[in-house]
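Please read the numbered points with the model open alongside.

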There are 2 protein chains.
Amino acid sequence: MSSTPTLTLARFVRASRVEDIPPAVVHEAKRAILNWTGCAIGASRHATVTRALAALAPFVGPAQASVLGRPERIDILHAALMNGMTSHTFDFDDTHLKTVIHPAGPVASALLALAEYMPVTGSEFVHAFVLGVEVECRIGNAVYPSHYDVGWHITGTTGVFGAAAAAAKLLGLSEQQLVWALGIAATQAAGLREMFGSMCKPLHPGMAAKNGLYAALLAGKDFTSANAGIEGRRGFANVLATDRDYAEITARLGETWELSLNTYKPFACGIVIHPTIDGCIQLRNEHGLRADDIERVELDVHPLVLELTGKTRPQVGLEGKFSVFHCAAVAIIDGAVGEAQFSDARVVDPAVTALRDRVRATVDPAMQEDAANVRITLRDGRVLTRRIEHAIGSLKRPMSDRDLEQKFRALCAPILDAAAIDALIAECWRLDSMQDAGALARMSVPHAGTGSAPTAEYATAHTTTRKE
Amino acid sequence: MSSTPTLTLARFVRASRVEDIPPAVVHEAKRAILNWTGCAIGASRHATVTRALAALAPFVGPAQASVLGRPERIDILHAALMNGMTSHTFDFDDTHLKTVIHPAGPVASALLALAEYMPVTGSEFVHAFVLGVEVECRIGNAVYPSHYDVGWHITGTTGVFGAAAAAAKLLGLSEQQLVWALGIAATQAAGLREMFGSMCKPLHPGMAAKNGLYAALLAGKDFTSANAGIEGRRGFANVLATDRDYAEITARLGETWELSLNTYKPFACGIVIHPTIDGCIQLRNEHGLRADDIERVELDVHPLVLELTGKTRPQVGLEGKFSVFHCAAVAIIDGAVGEAQFSDARVVDPAVTALRDRVRATVDPAMQEDAANVRITLRDGRVLTRRIEHAIGSLKRPMSDRDLEQKFRALCAPILDAAAIDALIAECWRLDSMQDAGALARMSVPHAGTGSAPTAEYATAHTTTRKE
């Protein structure tokens, strides 16, 4: 084979040594894994998860791996599915801003399941994670934006490659097997943006994790694919995108690291609303604002804000995440925009809707994606303004390690006790020196008596009518 | 919801009663199921199957359903995967000529697994099968040919809808749940034509069966999707095709039946080569031809023949299926083109390659897809010609029930004894009156002492390194 994007990635993953990864990238991997773990644990009681478990419980395999934050142990393929799903359920996971890929979910979910099944050190885990994210985001870079514009949920479609490559690294696949793993990933790439706002959105990174793991396991037993899964005439990049640039895959591979471009959300909703929320919370805190003091709130926003989150009157919690108006209102009233601000009750709370209906948003085509103007007119006639150049959580204003720990604690508090949360945080920071990466998963499981009980929905799943 | 293609299909599947299906369509369903069963049993020892089982055996769930023709019993999701895969491994399965969909694999594989898990009568099975094929092929009609031209393996991408709809019918899903099942199917639609010639090609209908079953199971527990999975702005038909006609989905639904347009292959390779093979076998049999008598073979063929099967010098068995030259040669030498003609040994047999290298093919843009001209020049100077207007196995010259039985026997002979084969054939013909459709699967399993033993590859799968 002459060198091609697929083969180049296979050779890179095969040849990479853990010493090749710069310390700053290793640290970013641990930040991403901490954030991913918190998101997955936090959403582990959501209806998306309980319904999926209720549907699939009768069919899962041996008790090999954990569903983060829950007592069930299931086969590694379904564990990868479930953890990929929970980590994206709150839409609170990490973001590779160049492509809007949420990188950690597909990759970490496949890896952690595997790390509970076979011996994997923390260092091997972090190394494979970095490689998986690199493969995933470089393929994303090559087809973004045309691929996304066509209607693909890029986290699902590129995540399957990242999961496949990362799992293949742990499994020690040969160069040819890696090429096949990428090909089997390519031919499973799926996930439509039409599904945004439904339970299928978090299903996508779960599918990517599971299907990427399938790809690596199959290729490891010499199940073949075409050699040009990415660049072939009828391969991924030609079929799922209208434009593509393979140099984004191959140029400076091993020298630059896409993980360095990863960001974390301080707020539990789409990233396009974050500058608005940031500005609202700043003005609220600085001026001790109360909703009753406010005549109106005016926002100048990037065009994507109204395209993606222009819902003026959300009726259920999930719709609140697609309403910049709701987000601005709760930011001012609560001073925080976490999952609590997206409960079904909160989006129809009269105190919230009264302020929400006084929020106006205007598109400014010249606005950067991580910028916004907030202008609050008070009933006493004063006008407060705030220009956000770079929202908190953006590359220019990243969340600190302490910010991430605080976010993690808030996510896990409904599920785990404080000691368990502290232990998990400590485990993430020292992950690269741990003997057994799989311990991270087991530490996420609530002890008897802590956290919420599994729902009745799961418990009854095994009673489905079946034959003797 | 106002009526849309997705909703129309959901309502149709929900409302359909078994009495609505015309007897001829029921009979065609039984023909399709017989053909599917034979293909799946016949390929059950192929490396595609043993490698996949070796990779996945450690992770499968409870012993709920059969892998046709094999002793293993596994969970229904993986059984659907395996049977979808085996039924397409020989490329010998049925074809909906309008769209080149192979309809039975995804639908029957999902249904039979379910029929081993819950009580399903033969009549319910046949009914759900007809509905699944209808959904699958109508969605295919709506996006063909642009969808295929983009590079999608349409059996994988539309099969997932058919499997979902059929399984949803058996599971008794509500109208809203059916809409979700179709949506969850849409967002899993995958499979690239780049993979043709590799093990991923048969993987596609397997994935479609498994993922369609996932869709129905998830929707049955109220796991939500978007409502417009097919026609939404970023739904299946807009994202995976450049042109689409929704009337193909909705017009005369319940009045016409796509299953009536199903065909079955007499030869174990891509349908585009069949007119050529038909002509070669006719001339061979009529004139008692031997390879040594032949100076050269000249073919006039439809343009797709060289696009899809233009490989001049295949090196392994699978490549032989993509070589019209190999197929013409073995048709003349052996008088048959079954799996035996696509062994690794046969494609490099000097007796075959010597004649193969004397075959020439010329594209005739005016040629119909099921037509070909064969012109054989003998060393004694005679020229024999045969015009095939409609190849055997085409809609105009369908295989008879007896032809299908003969094909079934040839496929199953290496696996099952004659009594077991007879019993299976009888079971297929009376399927709609059987109390337990799942019996079909169990009857496909060789008794101890019959057929080949499972391969060592599978037996060692459980020895993969794992933790205590």
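1. Strand β5 of chain A (residues 294-301) and strand β7 of chain A (residues 372-378) are paired in the antiparallel sense, with six bridges between them. Two positions may be inspected individually. Glu298(A) has Arg375(A) in β7(A) as its bridge partner, while Val297(A) stands opposite Ile376(A) of β7(A).

2. Strand β7(A) also takes part in a second pairing. It runs antiparallel to β8(A), to which six bridges join it. Within this pairing, Ala372(A) has Ile388(A) in β8(A) as its bridge partner. The two strands β7(A) and β8(A) make up a hairpin, and four residues lie between them. In the turn of that hairpin, Gly381(A) has a positive phi of about 95°.

3. These pairings belong to a larger arrangement. In chain A, four strands form an open sheet whose order is β6-β5-β7-β8, with mixed pairing. Which strands lie at the edges of the sheet? They are β6 (359-363) and β8 (383-388) of chain A, each of which pairs on one side only. From one strand to the next, the twist averages 15°.

4. The division of chain A into domains should be considered next. Domain 1 covers residues 5-263 and domain 2 covers residues 271-388 of chain A. The C-alpha centres of these two domains of chain A are 33 Å apart. How many residues of domain 1 of chain A are in contact with domain 2 of chain A? Five residues of domain 1 are in contact with five residues of domain 2 in chain A. On the domain 1 side of this contact in chain A, one residue is nonpolar, three are polar and one is charged.

5. Chain B is superposed on chain A by a rotation of 180° with a shift of 0.1 Å along the axis, at an RMSD of 0.2 Å. This is therefore the relation of a two-fold axis. The C-alpha of chain B nearest the axis belongs to Gly61(B), at 1.7 Å from it. Why may the copies be said to meet through the same surface? Of the interface residues of chain B, 100% are also interface residues in chain A, so the two copies use the same surface to meet.

6. A final point concerns confidence. The mean pLDDT of chain A is 94, and 95% of its residues reach 70 or more. Residues 448-468 of chain A, however, have pLDDT below 50, and this stretch has 33 contacts in the model beyond near neighbours in sequence. Where pLDDT is low, predicted coordinates should not be read in detail. For the model, the scores are ipTM 0.90 and pTM 0.90.

Methods: Residues are numbered from 1 along each chain as its sequence is written. Chains are lettered from A and ligands numbered from 1 in the order in which they are written. This is a predicted model: local features need pLDDT of at least 70, side-chain atom pairs count only at pLDDT 80 or more; totals for chains, interfaces and linings use all residues. Domain bounds come from an automatic or database domain assignment. Two residues are in contact if their C-beta atoms, placed from the backbone, lie within 7 Å. Ala, Val, Leu, Ile, Met, Phe, Trp, Tyr, Cys and Pro count as nonpolar, Asp, Glu, Lys and Arg as charged, and the others, Gly among them, as polar. Copies are superposed by least squares on the C-alpha atoms of residues with pLDDT of at least 70 in both. Two strands pair if DSSP finds at least two bridges between them. Axes are lines fitted to C-alpha atoms, for helices over the stretch in contact, and angles run from 0 to 180 degrees between N-to-C directions. pLDDT is the predictor's confidence in each residue, from 0 to 100.
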